Amino acid sequence: AASSLEVSMPAVVEAEAGGTARIECSFYTAENGSSTSITWFYMDRSSRVRLCRIAGGEILEENVDYKGRLSAGEDRALSISRVTVQDARTFVCQVGEGGHVLGENQTRLHVYKVPEAPEIVASSGGASVRSSEIPEIARCVSRNGFPPPNITWHKNGEQLQPEENTVKMPSTLTRESSGLYTVSSTLFAHVTRQDRRSLYHCSVHYWLRGQRRTAESRRVNITVFYPMEHVKLQVLPSSALVKEGDDVKLVCEADGNPEPVFSFSKRGLDDVWHDVSSLADTSSGVLNLHDVNKSSSGLYKCQALDLDDMRQLEKVVELVVNYIEGVRVKMEPSSPLREGDSVRLSCNAHSPLSLDYQWKDEKDRMVAKGNQLFLSNLTFETSRNLSCKVMAPSVPGLEQSKRVAVAVEGKPRIVSISSPLYVRQNEVVNLTCKAIAFPRPSVHWSINGTAHEYVEDQHVASNLTVRVSHDLLRAGAMCRVSNALGVSEEHIQLLDQKTPESKGVIIVAIIVCILVVAVLGSVIYFLHKKGKIPCGRAGKQDITRPEARKDKIVVEVKSDKVSEEAGLLQGANGEKRSAADQ
């Protein structure tokens, strides 16, 4: 009978710790199967331990260790909740009827727990390429995994393998009280100079549902110590562009780690090296030179000392400080200049570089290019300060300037006076006299007053504040400008200006006269209309003049000059009318 019943079960069932495991047990009987029962066992080493019995869909005789965690489905499957790693064992499903065993089968329950992501810690002490022992690179740990995971090591993405006396990676597996496992591993490996840029990481590997899974740690870099092999010394900015007044750095670099100790020296004119390390930061290998000049040029040497093996390397560089010196301007002729003269200016300077020259005025506007400037027909107005700007095109910013005054000498020339000036007696007025000359002239007035002088370049202006008197109105004032080369004088004429009151009287009188003439004209016209005044020759005309000619206006113009009154009458009553109009 036992062989006539086939019980079907999966070979393996997987469940995550803390989850629910469902173990199926399928069979078929010809009868109703109402008297059939299922007994579950689990294997403890080599012996069977009764788990429970299921009859009529109910669980009977439940094992104490699994109490409250078992349940049965309508399809005869057994469910185990809150699975633990201790549940990872073999379970047996036995089918019986009336005390007889009809058939059985078994399933292996695999319990898994995904381990935590691996944590990596790089060695804080670094590793030396000279180390006789294999130095520690990093440590890696992954916690709470089941079944026990394992760790592998990688450098720059490639897996490392143990090598005798070169690479070691011992691991430790620890079972926690929860039944989960913690795995840790330490990487030991020899390093080279190139490993200063290498990246290390570890990976934890575990099984999940029959597949191998992997979790990786972050990448870490370790400090690698190695001796120096080369030294480099350079000028910043480039030595070809250094000019007087610049701040320069001489940077010394060595390819060893840790950094060596640096020292600097400069070769003097006596071919002896003089220590200049006081100007340097010996730990960083930087020599700072501030506001360099021509004497800063020369050979500089950097020496690097490796404190591990006391090995010393050195490097020499030449510093060239570009300069312009001795800028001078020559004026021909050098004698004092007078108006109408010509002058030639020549500019020269010394420099190891090719130079360009520009001439500029006081407002920094370019006047000409080249080292010579010719000025002709000089006047006071063309007197000015010029500058010769010397530049080295190959070194941006390298330039020097020299100023020169082109001063035209001569006796004063008065260019502006306040004449004629309309004034009123007893009024306080300002008299102005402006002149141009070089050397600077002095201004004198022929009358007393308060004078103020203003000077701009070759121009001098004098303002004299004075009260107008009768004598001043009559005689005026004299402005006298003089210097060592001559004198110029100008007379200021003062004219009497009518008062506003007298002007008002005249205007009123004119208006009254016009009104009187207008009234007189109106009276004459009125009398004429009434016939009280004969019309002169107009009255002698034929009274039978056709009516069509009544509106024609005839204006009589005399050849001689008429008075103002006659003109007004002509405008008011100058019509020639027919006898019928009278």
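A: Ser346 touches Arg328, Val329, Lys330, Trp359, Asn371 and Gln372, leaving aside residues up to four places away in sequence; contact here means heavy atoms within 4.5 Å. The model is predicted, so local features need pLDDT of at least 70 and side-chain atom pairs count only at pLDDT 80 or more, while totals for chains, interfaces and linings use all residues. Residues are numbered from 1 along each chain as its sequence is written, and side-chain values use heavy atoms, with hydrogens and water left out.

Ser346 belongs to strand β31 (residues 343-350). Strands (E, at least two residues) and helices (H or I, at least four) are DSSP runs numbered from the N terminus. Ser346 counts as buried because its relative accessibility is 10%; buried means under 20% relative accessible area, exposed over 50%, and partly exposed in between, with a 1.4 Å probe and protein chains only.

One of the contacts of Ser346 is Trp359, which stands opposite Ala368 in β33. Strand β32 (residues 356-360) has four of its five residues buried. Strands β32 and β33 (residues 366-369) pair in the antiparallel sense over three bridges; two strands count as paired if DSSP finds at least two bridges between them. These two strands form a hairpin with five residues between them, and Asp364 in the turn has a positive phi of about 65°. Strand β32 also runs antiparallel to β35 (residues 384-391), joined to that strand by five bridges. In this pairing, Gln358 stands opposite Lys389 of β35.

Positive phi values also occur in loops. Asp291, not a glycine, has a positive phi of about 50° and lies between β26 (286-289) and β27 (298-306). Asp291 is exposed, as its relative accessible area is 54%. Met310, also not a glycine, has a positive phi of about 60° and sits in the loop between β27 and β28 (311-319). With a relative accessible area of 53%, Met310 is exposed.

Cis peptide bonds are a further backbone feature. One joins Asn257 and Pro258, with omega about 5°, and Pro258 is in the loop between β22 (248-254) and β23 (261-267). Another joins Phe438 and Pro439, with omega about 5°; Pro439 is in the loop between β39 (428-438) and β40 (442-445).
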